[in-house]
Amino acid sequence: MAPSEIVRQAVAAGMDGIALTDHQSARNTPAIAECARRAGLKCLFGMEVQTAEEVHTLALFDTVEQALDMTDWVYAAMPKRVNDPETFGDQPVVTWDDDIVEMEWRILAMGCRRTIPETATKVHELGGLFIAAHVDRRNHSVLGTLGTIPRPLVDTEIQPGGGLFFDAVELSRTADETLWLPKVEGYAVTRSSDAHNIDDVARVWTEADGEFSVAGLKAIFAAKSTRISPRLTSF
């Protein structure tokens with residue numbers, strides 16, 4: 001999806017803010033930052049980090065620079081394997097007006113050697129939010145893979161601002177919240193489109209009263225005052 005198309009779709013759907021979280025990389029956040037600025041759309045910048053436990057997590061930041069610092073840290077712990085476009089698709093790095101400037105050579109479909117505690121610490125050190133992605137899914141979710149949401153066991157793992165690894169958890173667009181909310185009790189809950197094609201952008205969402213920023217969302221998550229959209233039951 002071109003960043004310009006993502007922004008156009010989000011604006012048309014009436015979204016106030018979006019977050020870009022490509023798998024294992026934030027190299028396209030500069031492009032979407034400019035598209036969002038031109039459209040007057042608020043945007044957070046981040047990535048979906050696949051940890052050493054094979055768990056998908058979301059790292060969200062206020063700035064492109066923070067997201068790119070996180071990318072460098074993840075890249076340093078990834079296998080030095082070249083992407084196979086025929087198997088995993090192309091991995092273009094683009095400009096705000098959709099020109100392709102480079103093809104990322106690393107295979108971004110794979111995980112990295114960073115554990116959940118290590119990743120949470122790095123995200124929080126950089127000033128970001130750390131969210132457990134699509135916890136209702138069987139594959140690559142913290143509950144599906146580990147059976148529980150891990151918490152710090154020793155003082156060296158305790159995170160700033162509450163001590164937990166995750167600031168919130170995410171339900172997928174099809175998750176039945178009546179089944180899953182009891183399983184994530186104690187955490188703020190979000191719902192995201194996790195869009196992999198343009199028609200899925202903004203089909204589900206999260207609402208809250210407050211500022212669309214890391215600090216604003218941190219306060220919202222602490223108060224557990226999010227409201228999630230109805231799930232999708234058909235496509």
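**Salt bridges and a buried threonine**

Colleague: Why is Asp209 called exposed?

Modeller: Asp209 has a relative accessible area of 63%. Exposed means over 50%. The value passes that cut-off, so Asp209 counts as exposed. Keep in mind that this is a predicted model.

Colleague: What makes the pair Arg227 and Asp209 a salt bridge?

Modeller: Their side chains meet at 3.6 Å, N to O. The cut-off is 4 Å, between a side-chain nitrogen of Lys or Arg and a carboxyl oxygen of Asp or Glu. The pair meets that rule, so it is a salt bridge.

Colleague: Which parts does this pair tie together?

Modeller: Arg227 lies in strand 10, residues 227–228. Asp209 lies in the loop between strand 9 and helix 8 (214–223). The parts are 18 residues apart in sequence.

Colleague: Why does Arg227 count as partly exposed?

Modeller: Its relative accessibility is 37%. Buried needs under 20%, exposed needs over 50%. Arg227 falls in between, so it is partly exposed.

Colleague: How many salt bridges does a search of the whole structure find?

Modeller: The search finds 13.

Colleague: How do you know that Arg137 and Asp194 form a salt bridge?

Modeller: The closest N and O atoms are 3.1 Å apart. That is within 4 Å, so the pair qualifies. The pair links distant parts of the chain, 57 residues apart. Arg137 sits in the loop between strand 6 (129–132) and helix 6 (142–146). Asp194 sits in the loop between strand 8 (189–191) and strand 9 (206–207).

Colleague: Why is Asp194 called partly exposed?

Modeller: Asp194 is at 22% relative accessibility. The limit for buried is under 20%.

Colleague: Why is Thr119 called buried?

Modeller: Thr119 is at 0% relative accessibility. Buried means under 20%, so Thr119 is buried. Thr119 lies in helix 5, residues 116–125.

Colleague: Which residues is Thr119 in contact with, leaving aside neighbours within four places in sequence?

Modeller: Val49, Thr51, Met70, Trp73, Arg114 and Phe130.

Key: Residues numbered from 1 in each chain as written. Predicted model: local features only at pLDDT ≥ 70, side-chain atom pairs only at ≥ 80, totals over all residues. Heavy atoms only, no water. Helix = DSSP H or I, 4+ residues; strand = E, 2+ residues; numbered from the N terminus. Buried < 20%, exposed > 50% of the residue type's maximum accessible area, 1.4 Å probe, protein only. Contact = heavy atoms within 4.5 Å.
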